[in-house]
Amino acid sequence: DSWSDPTSLADALAKIESGYTIFIAAGTYTPSTTITNGNPDDVSDKTFEIDKYITVKGGFPKNPSEGATSDPKSNKTILSGNLGSGAEAYHVVTVTAPKQDGKKVVIDGVTITRGNAYDRGNRITINDISFSRGNGGGMNIGNSIVEILNTEIIENKTSGSGAQAGYSAGVFAHSASEVTFRNCKVNDNEASGNGGGIWIDRSVAYIYDSEIKGNSSGTAGGVHGYPDAEVYVYNSTISENKG
C-alpha cells in the first residue's frame with residue numbers, strides 16, 4: 001500500500017486482486033512459490049505466476065519514497081530464475097490468467113533472466129491449459145492477453161536433448177494468447193531445441209519498437225510463428241540470431 005510498508009513480491013502476487021498494480025523497487029527477485037498444480041518437491045517449479053489481470057511495474061529506486069517514478073534504465077528490477085545451488089526455474093514468469101475480453105496483464109520495466117526450461121514432454125495443466133516445463137525459460141504465457149513494455153528478456157535458456165530438448169528460451173506464447181511487445185529487448189537467449197527468442201504457437205503477437213538479437217536455437221533463432229500464428233512486427237530489429 002505504500003513504500004514505507006512494503007511486502008514481498010510473492011505475497012503481493014498472492015493477495016492482489018484483478019485491476020490493481022504491483023510496484024517493484026530496483027533489485028533482484030527470485031521466485032519462491034510453486035506454480036499452480038506443480039510439484040512442491042521440484043524447486044524448478046517455482047515461478048512468478050500471474051493468474052489475475054494486473055499490472056506489474058518495475059524500475060523504481062532501490063529505496064523509493066512516496067511520489068517516486070519508474071526509470072527502468074537507471075533502476076534495474078531483475079526477476080531471476082537463478083534459485084541457488086545450481087537450480088534454475090523452468091519459467092521465470094508464467095502467465096496463467098485465463099483470457100477475457102477487455103482485460104490484460106501488463107508487465108512493465110523489468111528484466112527477466114536466468115530461466116531454464118527443460119523436457120518439453122513434462123507438463124502440468126492449469127485452467128484446462130497444458131503448460132510444458134520445457135517451453136519458455138523466460139516466460140510461458142498460456143491463453144492470456146499480455147502487454148509487455150520496456151522490458152528485457154535476456155539470457156534465458158532451454159536444455160535437454162532429443163525429446164527432452166526445450167523450446168523457446170525467451171518467450172513461449174500458446175493456446176490462443178494475444179501478446180504485445182513495446183520497447184522491449186529479447187536478446188541472448190539460447191534454446192537447445194527450436195525457437196530462440198520468441199515462439200508464437202496458435203496465438204497472436206504484435207511487436208513494436210523492439211529488438212530481438214543474439215538468440216540461438218535449432219530452428220528459428222529469432223522469432224518462430226507456428227502453427228496457426230499471426231506475428232506483426234513494426235519498427236523493430238531482428239538480427240544476429242542463429243539456428
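A cavity, in the sense used here, is a set of grid points inside the protein where a 1.4 Å probe fits but cannot get out. Rolling a probe the size of a water molecule over the atoms shows where empty space is left. In this model, which is predicted, a search of the whole structure finds 1 cavity of 30 Å³ or more, and the volume of the largest cavity is about 60 Å³. Its lining is made up of L9, L13, F48, I50, V56, L79, V93 and I107. Two elements, α1 (9–15) and β3, each give two or more residues to that lining.

Strand β3 leads on to the sheet. Strands of a sheet pair through backbone hydrogen bonds, either parallel or antiparallel. Here 6 strands form an open sheet with parallel pairing, and their order across the sheet is β3-β8-β14-β18-β21-β24. At the edges lie β3 (48–50) and β24 (223–225), each of which pairs on one side only. If direction is ignored, neighbouring strands of this sheet are turned by 10° against each other on average. Within the sheet, strand β8 (residues 93–95) runs parallel to strand β14 (residues 139–142), and 3 bridges join the two; V95, for example, has I141 in β14 as its bridge partner.

In soluble globular proteins, nonpolar side chains tend to be buried together. The largest nonpolar core of this model has 37 residues, of which V93, M139, I141 and F181 touch the most other members. If neighbours within four places in sequence are left aside, M139 is in contact with V93, V95, I107, I112, I148, I153, G170, V171 and F172.

Strand β12 (residues 123–126) and strand β13 (residues 129–132) run antiparallel and are joined by 4 bridges, and I126 has I129 in β13 as its bridge partner. The hairpin of β12 and β13 has 2 residues between the strands, and N127 takes a positive phi near 55°. In a regular strand the side chains alternate between the two faces of the sheet. Strand β12 has a covered face, with I124 and I126, whereas R123 and T125 are on the uncovered one.

Key:
Residues are numbered from 1 along each chain as its sequence is written. This is a predicted model: local features need pLDDT of at least 70, side-chain atom pairs count only at pLDDT 80 or more; totals for chains, interfaces and linings use all residues. Side-chain values use heavy atoms; hydrogens and water are left out. A nonpolar core is a set of buried Ala, Val, Leu, Ile, Met, Phe, Trp, Tyr and Cys residues joined through side-chain atoms within 4.5 Å. Buried means under 20% relative accessible area, exposed over 50%, partly exposed in between (1.4 Å probe, protein chains only). Contact means heavy atoms within 4.5 Å. Two strands pair if DSSP finds at least two bridges between them. Axes are lines fitted to C-alpha atoms, for helices over the stretch in contact, and angles run from 0 to 180 degrees between N-to-C directions. On a 1 Å grid over the protein atoms alone, a cavity is a set of points where a 1.4 Å probe fits but cannot get out, and a pocket is an open set with protein on both sides within 12 Å along at least five of seven lines; lining residues have an atom within 4 Å of a point. Grid points are joined across faces, edges and corners, and a volume is the space filled by probe spheres set on the points.
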